[in-house]
Amino acid sequence: MSSDFEGYEQDFAVLTAEITSKIARVPRLPPDEKKQMVANVEKQLEEAKELLEQMDLEVREIPPQSRGMYSNRMRSYKQEMGKLETDFKRSRIAYSDEVRNELLGDDGNSSENQVEC
């Protein structure tokens with residue numbers, strides 16, 4: 001049973017490393033690639049959540065005397081998942097602000113410019 005959990009752990013580790021890398025790249029990509037990368041990260045975050053759910057189910061099946069260690073690891077993974085989601089939101093906000101600034105002009109103060117006219 002714990003071998004299934006460990007397999008999920010390995011998959012989660014690989015997936016979260018990929019997500020972290022992609023989140024870091026989002027702000028530096030051209031707009032069309034950013035949109036695609038954001039969609040890709042959203043999909044991978046969903047996959048990571050599903051892995052956590054599978055891991056949680058596995059922990060419930062582990063005998064109580066061994067469950068504590070796995071429960072602690074699950075708490076750590078859930079915290080990591082929360083951090084990834086927060087980092088992704090920040091990355092998307094930066095991306096959204098950049099798109100808004102491109103649409104409104106470099107300084108994003110087009111409404112002020114209209115008032116001065």
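Colleague: Which residue forms a salt bridge with lysine 83, and how far apart are the closest N and O atoms?

Modeller: The model is a predicted one. Lysine 83 counts as exposed, at 51% relative accessibility, because the cut-off for that class is over 50%. The partner is aspartate 87, with the closest N and O atoms 2.8 Å apart.

Colleague: Where is arginine 60 placed relative to aspartate 56, and what is the distance between the closest N and O atoms of their salt bridge?

Modeller: Both residues belong to helix α2 (residues 31-61), and because they are four residues apart, about one helical turn lies between them. Arginine 60 is exposed, with a relative accessible area of 55%, whereas aspartate 56 is partly exposed at 22%. The closest N and O atoms of this salt bridge are separated by 3.4 Å.

Colleague: Which lysine also forms a salt bridge with aspartate 56?

Modeller: The closest N and O atoms of this second pair are 3.9 Å apart. The pair links distant parts of the chain, 22 residues apart, with aspartate 56 in helix α2 and the lysine in helix α3 (residues 64-104).

Colleague: How many salt bridges does the structure hold?

Modeller: Besides the pairs above, a network of salt bridges links Glu46, Lys49 and Glu85. The total for the structure is seven.

Conventions:
Residues numbered from 1 in each chain as written. Predicted model: local features only at pLDDT ≥ 70, side-chain atom pairs only at ≥ 80, totals over all residues. Heavy atoms only, no water. Salt bridge = Lys/Arg side-chain N within 4 Å of Asp/Glu carboxyl O. Helix = DSSP H or I, 4+ residues; strand = E, 2+ residues; numbered from the N terminus. Buried < 20%, exposed > 50% of the residue type's maximum accessible area, 1.4 Å probe, protein only.
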